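Biologist: I would like a close look at a single part of this model. Please keep the answer plain, as I am new to this.

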Amino acid sequence: MKIITYNVNGIRSAINKNWLAWLQATDADVVCLQEIKATPDVLTDLGLIDALGYQHFWFPAEKKGYSGTAIFSKILPNHVEYGCGIPDFDREGRCIRVDFDEVSVMSVYFPSGSSGDERQVFKYRFLDEFGKYLTLLKVEHPKLVVCGDYNICHRAIDIHNPKSNANSSGFLPEEREWMENFIESGFVDTFRHLNKEPHNYTWWSFRSGARGKNLGWRIDYAMASKELEGNIKRAAILPEAKHSDHCPVLLELEF
């Protein structure tokens, strides 16, 4: 099973950058999207997505042009779960899950705290409450992949300048500690499981030509529960895909 997670920073914008041709060439089984910033009714390309063999499930935010998640799948899921039952997070379309026979796959868009203190407080609340939700969910669905934009760099290797960003949202000690505890609770950072090299990032600022210089952050992950560790075949970051300020992350599982 080939799974891709991608914060598209507006699916209409990505489609205008030839994203559907890229999607066809990639031929993933399951595609987890974040920050779709649209409802499916405003898209004129749904027929093209159908033609590629994808069923598509959408969980947009109530606020237009903001946040939202979606999952495209070539495999018919047994069940689709929209949201996590926490109203403040579900209003922003923060997560959607599909359940298959062998595995459950989530697309999650963690809040950013970079716009100010109020959103940082919201982010900490999300980490606390959503983390508890995942702990319970993993009991019910032990073979679980939590894909998405976590808006957190886990370790110094995951950010281009850890010293100057020590007080930046996304690399704060409390956020990094949450990520450490999350992994220790029974998850595998699938990319780091197979790749220990530095300078691998998934997001770059639009400023100062950061992407061309590879001055980035690794904030997008495909986290798999420990029960799936033996099924991990391949994990990769795909920086050549340039439809967004993020790039996709790939996970292949073998069953």
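Which residues does N151 touch, not counting residues up to four places away in sequence?

Modeller: This is a predicted model, in which local features need pLDDT of at least 70 and side-chain atom pairs count only at pLDDT 80 or more, while totals for linings use all residues. Residues are numbered from 1 along each chain, and side-chain values use heavy atoms, without hydrogens and water.

N151 touches Y109, F110, P111, S112, K123, G170 and I219, leaving aside residues up to four places away in sequence; contact means heavy atoms within 4.5 Å. The residue sits in the loop between strand 8 (144-149) and helix 6, where helices (H or I, at least four residues) and strands (E, at least two) are DSSP runs. With a relative accessible area of 13%, N151 counts as buried (under 20%, with a 1.4 Å probe).

A pocket is an open set of points on a 1 Å grid where a 1.4 Å probe fits, with protein on both sides within 12 Å along at least five of seven lines; lining residues have an atom within 4 Å of a point.

N7 is buried, with a relative accessible area of 0%. Beyond residues up to four places away in sequence, N7 touches Q34, E35, Y109, D149, D220, S244 and H246. Y109 is therefore a contact of N7 and is also listed among the contacts of N151.

The largest pocket holds about 500 Å³ of space, the volume filled by probe spheres set on the points. It has 24 lining residues, and the closest to its centre are S114, W203, S205, R207 and W217. Its lining divides into seven nonpolar, 12 polar and five charged residues, with Gly counted as polar.

The second largest pocket holds about 260 Å³ of space. Of its 14 lining residues, R155, I183, D189, R192 and H193 are the closest to its centre. Helix 6 (173-184), strand 9 (187-189) and helix 7 (190-194) each give two or more residues to this lining. Strand 9 provides the largest share, three residues. Here four lining residues are nonpolar, two polar and eight charged.

Technical notes. Buried means under 20% relative accessible area, exposed over 50%, partly exposed in between (1.4 Å probe, protein chains only).
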